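Let's take a walk through this structure, one region at a time. Have a look at it first, and then we'll begin with how its strands pair up.

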Amino acid sequence: MAHRMKYLYLLFFSVLLSVPTWSQVSPKADTATAITYDRLPENGILLNKGWKYHRGDQPNGAAPDLDDRAWKPFNPTLAINDLLPIHPQGIGWLRLHLRLSDSVRLQPLMLYIQQLCASEIYLNGRLIKRFGTVSNHPDSVEAYNPFSEPVGLYFANQPDQLLAIRFAAWNNKAKLNQSFLNRPLLAIRLQGLPLLLETHTARQRSDLVVTTAFGICLLLSFLHIIFFVYNRAQRANLYFAGYTISLTLLFFVFLSYDYWNKDIDLSMYVASCIWLLLQIIFLWPLRALYCLFDRKPNVLFYGLWVFLPVNFLLVAFSKPPVWAMIVLLFLPILVEISEQLRLTIQAVRQRKRGAGIIAGGFAFAALLLVGYILLQTLGIYFYDSTLFFLLVLLSPALSISLFLAREFALDSQLLQVKLRQVQQLSAQTVAQEQEKQHLLAAQNETLERQVKERTAQLQQSLDELKTTQNQLIQKEKMASLGELTAGIAHEIQNPLNFVNNFSEVSSELIDELKEGPFQHLPETEQEYASEIIGDLTQNLQKINHHGKRADNIVKGMLEHSRSSTGQKGPTNLNALADEYLKLAYHGLRAKDKSFNAQLITNFDKKLALVQANPQDLGRVLLNLFNNAFYAVQEKTKQAGPGYQPTVTVSTYQHQNQVEIRVEDNGTGIPEAAKQKIFQPFFTTKPTGQGTGLGLSLSYDIITKGHGGTLSVETQAEEGTQMQICLPL
């Protein structure tokens, strides 16, 4: 689950950079208060200086030419506990004048925002992002923390910039405990794309470690529950299962951090759950040690359970300071660990069977912790310390698990010894021996059958989980791509409608000119004016004709970008391929009118309907056709007038599958790049002309979404053939 968002994050970053936020209004910066940045540090810039604050709503608060010299200085990164008296409820405005050098302004930049409010971000008077719901009514304010949602920027071509924020503080202060009250109301960091990618890589590495620990704890939970079911006399398995289940829940909360941290109300409840889990986690192994070493729980153990709800109520309702919260959290944990060490040392001294294994686990955890502290003291830092802390946390757990497994093995050996004794004693009577052998054989068969059934069920569950995960990843990818295409098409639709409407209105005005003022011109000038009016009429007709053609292309893009339901149905591949071939060709012709290519279709008329998702399959075909047209277009520029660009689409039906072939006589693919073309973000196109996602998404749709294959046959400077095989 930790690396489930890997491809989605990379797709999000590439889309974010491919559609930058343009700012065309030049702010009139206050030169006396503008903050100047000549370079961008590696860790970015925390924007905590130079802000000006205005309480209440301001209709033109984001306008670059607004005179804000009377606004008050403000630091939004201060603790919310300090800022709420200044801005308790309602809407406020923040403005920051920036002066950026060319080296800073002309590189890809991101705003990384963490907040306990709702906000609207404006750059040079233009709204670029909205987080939550900003409202004049406090009850209608919906705060939102845009964690892991950086905002892409592309500044205007001048050094002076204006960043304005319209915000409404979260009005539910009563729910905030002291840790939240010490968080900043609004912290904005300006950083470059390399730092963002580096931070994302570090989070992936940390999530991978937490995911591994999550899997280990989940597996240990199942194992010890099964051990307890088979041997209820050993209740330590039950207590230890409670410990591993608590750890599993804690790791699950950490893995879902991106989801719940954005909702402030939800994050409060999750913080309370984490508080309870941290208190409970260390009580279970303590109870297991009491059971393993034949000790009765003392007053201290029951006192810790009684103190647990009292501790929670103190933190949740009395809002103690941060140092008191740390004491309330770690004091019971230190007491629990001390009691665990006392029981383990006492068992080692009494030479309890297997006590050395548990002691070794505690010693290894202590050695790791001391070594880590020593390395930190010496100035040796690690890029990611998550692994250390997980090993410290899991070492005692694994040692107890090994101890229980050893006890189980010893009990099994003892059982085998007793069985042999029984067999020797029962050898006196043949009838009794045969009866016992029959019973043992029946028990063995039952156990083997149960193991096979459990193994088959587990394998089936794993297969279903993998299939579901692949489908979810594919749906998320296609949804993101569809939203991008729909957004672009909608943006094009508005100016295109203006072009078409004004061309028609202009034609009507020319007709009125002919019927009115034109008739009053002298005959010597009417001939010249008639030629001009004719040229204008012809130009407007061409504009209207091509505008409607572009409108059809935009409508095709909108149809193509509709979100896929993920449902499959009978699909006519011939019609689908023909439709998207024309869509791709006319789309390229709209960009380059000089481009012409020969389109050849060889469709199998007896082709059966295929169970497929038409929208997803259409995206694949559109990617393949665009690549083919790009290849022949590039070769046209190189080969000269004797070259005839050709794209051929064929369909075939075999015994249990259908095949779609897309061939071109373009530039082909070099052998060195052939093995990488289906990898995400790999492209053979020049910089800026390709994202490297088309074939990667197409490969996932065909292989994971439809259970088919996507292969390539190519030869440099000769052409390329892409083959899609789908099962019937």
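Two strands count as paired if DSSP finds at least two bridges between them. The strands themselves (E, at least two residues) and the helices (H or I, at least four) are DSSP runs, numbered from the N terminus. Keep in mind that this is a predicted model, where local features need pLDDT of at least 70 and side-chain atom pairs count only at pLDDT 80 or more, while totals for chains, interfaces and linings use all residues. Residues are numbered from 1 along each chain as its sequence is written, and side-chain values use heavy atoms, with hydrogens and water left out.

Now for an open sheet of four strands, in the order β2-β11-β6-β9, with antiparallel pairing. Its edge strands are β2 (45-46) and β9 (151-153), each of which pairs on one side only. Look at β6 (residues 109-115): seven bridges join it to β11 (residues 186-192), and the two run antiparallel. Along this pairing, Met110 stands opposite Gln191 in β11, and Tyr112 faces Arg189 of β11. Three bridges also link β6 to β9, again antiparallel; here Leu111 has Val151 of β9 as its bridge partner. Is β6 enclosed or open to the outside? Six of its seven residues are buried, so β6 is largely enclosed by the rest of the structure. Buried here means under 20% relative accessible area, exposed means over 50%, and partly exposed is in between (1.4 Å probe, protein chains only).

Next, the aromatic rings. Rings of Phe, Tyr and Trp (its six-membered ring) pair if their centres lie within 6.5 Å; planes under 30 degrees apart are stacked, over 60 edge-to-face, and the rest tilted. The whole structure holds twelve such pairs. One of them is a tilted pair made by Tyr53 and Phe167, 6.4 Å centre to centre with 40° between the planes. Tyr53 belongs to strand β3 (residues 52-55) and Phe167 to strand β10 (residues 160-169), so this pair ties together parts 114 residues apart in sequence.

Phe301 and Tyr302 make an edge-to-face pair, 5.6 Å centre to centre and 75° between the planes. Phe301 is buried, at 4%, whereas Tyr302 is partly exposed at 47%.

Let's move on to helix α16 (residues 573-591). At 1.5 Å a residue, its 19 residues should span 27 Å, and the end C-alpha atoms are 27 Å apart, which agrees; the expected span is 1.5 Å times one less than the number of residues. At the start of α16, a side-chain oxygen of Asn572 comes within 3.1 Å of the backbone nitrogen of Asn574. Several residues of α16 are buried, including Leu573, Tyr580 and Leu588.

Leu573 also leads us to the largest nonpolar core, which has 39 residues; Leu573, Phe625 and Ile724 are among those with the most contacts inside it. A nonpolar core is a set of buried Ala, Val, Leu, Ile, Met, Phe, Trp, Tyr and Cys residues joined through side-chain atoms within 4.5 Å. Several elements each supply at least two residues of this core, among them α16, α17 (614-639) and β18 (719-727). Which helix gives the largest share? That is α17, with nine residues.

Notes:
Polar contact = N/O pair within 3.5 Å; in protein donor to acceptor, adjacent residues only side chain to side chain.
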